[in-house]
Amino acid sequence: MSSISEVYDVLVAGGGNAGLCAAISAAENGAKVLLLEPAPKQMRGGNSRHTRDIRCMHNRPTSVLSGSYSKDEFFEDLLKVTEGTTDKELAEIVIERSSMIYEWMISHGVHLQLPYKSALSLGRTNIFFIGGGKALVNSYYKQAEKLGVDVLYNSRLVDMEISNTKFESAKIIRRGFPYQIKAKAIVLASGGFEANLEWLKKAWGPAGENFLIRGTPYNKGEVLKILMCKGAKITGDPTECHAVAIDARAPKYDGGIITRLDCVPFGIVVNRDAERFYDEGEDFWPKRYALWGRLIAAQPEQIAYSIIDSKSLELFMPSVFNPIRAATIDQLAEKIGVDGSKLNKTIASFNNAVEKDCSFDCNSLDNCKTKGISPPKTHWARRINTPPYFAYPLRPGITFTYLAAKINRKAQVIIKNGSPLQNVFAAGEIMAGNILGRGYLAGFGLTIGTVFGIIAGRYASKWKYDE
Ligand SMILES: Cc1cc2nc3c(=O)[nH]c(=O)nc-3n(C[C@H](O)[C@H](O)[C@H](O)COP(=O)(O)OP(=O)(O)OC[C@H]3O[C@@H](n4cnc5c(N)ncnc54)[C@H](O)[C@@H]3O)c2cc1C
C-alpha cells in the first residue's frame, strides 16, 4: 500500500455540506486539511446537492427570514416530530447556533433568497438558497480551495487505525488503489447508509429492494460500519429514516426533488390489490408526504397508485413524469396492471361515501369528506367520476437513514464504554440520528450538518496544538 506523503492536520471523509463546513472551519482555524470525496468531481456534494433550504432560529425578522422562530418553538417542533427521541443537549446546541448559520453561509459565498412565500409556508422558519444545493456545495468547494484545502475525488475512506482511543491513520481507496494517509485528526461526514441496498434489506427485509434512493449512490454507510467495528456507540433504529412517496418511474438513485408528487390529497391511493389503505386528505401534503414513504413500504411489492380524475389535474404542481391516462377506469386499471373490477369497486364505494354538501377548497382544510368507509378521507374528498382518469405510480423514496454514531458536544465519536475517540469527530447525516431519532423537520438536516460541521472542524483543528 502506498502512502500519501504529506501529513495533514485534519482529514475529512465526505464532501457534502457537513464535510465542507468541517473542512472550511478547520482550515480557518489554521489546519492543513485533506477532504475525501468518493464521487468524481462532477457528482460531488452527496445528498447536499439536492437541498433547497435550511431551518434557523431567530428572535426577530431578518433580511432572509420573516417574523420570529424562537428557541422554544423550534425545540417544541423537534420534540413533536421525534416524539422525544432526541439528545436534548445536542439538539439545544444545534438550535441555538442555527441563529448564526445564515451569516456564516453568506460569508462563505452562499446567496440566500428573500423570505419565501408559498404554500409550503416555510418563510418564517427556513431560508432558501439561490441555485439550490448544487450552488451551495459549489460555493463551499470554492471557499475550501481558496483556504488551501486539498480535495481528492474518487477516493473513499475504507479503514482507520485507532490505538488507545486515538486515530493514527486512514486507509483509503483511490481509483481502485489503496493508500495510507496520516492526519492528526479525522472528521467523518460520510452520510447515512441509504444507498446500501443490502443494508436496507437487512433492516427492512425484502421490501428494501423496492426502495428508490432519492440522493447520492455513494452514501453506503461504509464509515458507519468501520465505526461499528471499532467499538463506537451506535444510536437509533436502522429502519428509522426520512422516506417520502415519489414517482415510481424515478431512477433508482439521485432522482432528487423533482421526482416528488403532490397529487395524493386530490384523489385516492390504492395498492397493487386496488385497495385504499390510508386517509389521503388527512392534512396538507407538505405535512404528510414524509409519512407516505413508510405507508407504501408496508404495501405488497411496495407499489401504490394515486388515482385522480380530470377535475384535479390542475390542482398540484405538474410532475416531471406524465400521468398514465385513460378514458375509463377499466382501461386505467389495465394500464397500471391492477384488477379492473376491484378498482371499479373501490372507486364506487369511495364515491358513494363522499358527503354531498361541502365546498371544495384545495387551499384550506375543507369540509369535503367521506362517511362510512375505512379508511376515511377527511378533506378534499370529491367523487372520481369525470374522465379522463389519471394514475401516478408511487414508491417509497428514501432520503436518508437515522442510524448514527453517538457523539458528544464537541462532535467527538463516543465508544461503547462512554469515552470519546479523542481525535475522531463526526458531522452531518452520520450523526444526525442523535437528534432525529424519528420524524423530520424540513431543512433540519442541513442545520445539524452545518452546526456540527463547524464544531467538528474547529475541535479537529485544535489537535495540532493539543498534542
Ligand atoms: C432529494 C433530497 C432533498 C433534500 N433536501 C433537503 C433540504 O432542502 N434541506 C435539508 O436540510 N436537507 C435536505 N435533504 C437532506 C440533506 O441532504 C442532508 O441532511 C444534508 O445535506 C446531508 O449532508 P451530509 O454532508 O451529512 O451528507 P451528504 O451531503 O450526503 O454528504 C456525504 C458525503 O460523504 C461521501 N461518502 C460516502 N461514503 C464515503 C466514504 N467511505 N469515504 C469518504 N466519503 C464518503 C459521499 O460521497 C457524500 O459526498 C435532502 C436530501 C435529499 C436526498
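Helices here are DSSP runs of H or I with at least four residues, numbered from the N terminus, and their axes are lines fitted to C-alpha atoms over the stretch in contact, with angles running from 0 to 180 degrees between N-to-C directions. The model is predicted, so local features need pLDDT of at least 70, side-chain atom pairs count only at pLDDT 80 or more, and totals for chains, interfaces and linings use all residues. Residues are numbered from 1 along each chain as its sequence is written, and side-chain values use heavy atoms, leaving out hydrogens and water.

Let's start with helix H2, residues 71–82, and helix H3, residues 88–107: they pack at an angle of about 135°, and their axes lie 10 Å apart. That angle makes H2 oblique to H3 (under 35 degrees is roughly parallel, over 145 roughly antiparallel, 65 to 115 roughly perpendicular, and the rest oblique). Their crossing is right-handed, meaning that the near helix is turned clockwise from the far one by less than a right angle. H2 brings Lys71, Phe74, Phe75, Leu78 and Leu79 to the contact, while H3 brings Lys88, Ala91, Glu92, Ile95, Glu96 and Ser98; contact means heavy atoms within 4.5 Å. By class, these residues are 6 nonpolar, 1 polar and 4 charged (Ala, Val, Leu, Ile, Met, Phe, Trp, Tyr, Cys and Pro are nonpolar, Asp, Glu, Lys and Arg charged, and the others, Gly among them, polar).

Now move along to helix H8, residues 329–336, and helix H9, residues 340–353, whose axes come within 8 Å and cross at roughly 125°. H8 is therefore oblique to H9. The contact joins Ile329, Asp330 and Ala333 of H8 to Gly340, Leu343, Asn344 and Ile347 of H9.

Conventions. Helix = DSSP H or I, 4+ residues; strand = E, 2+ residues; numbered from the N terminus.
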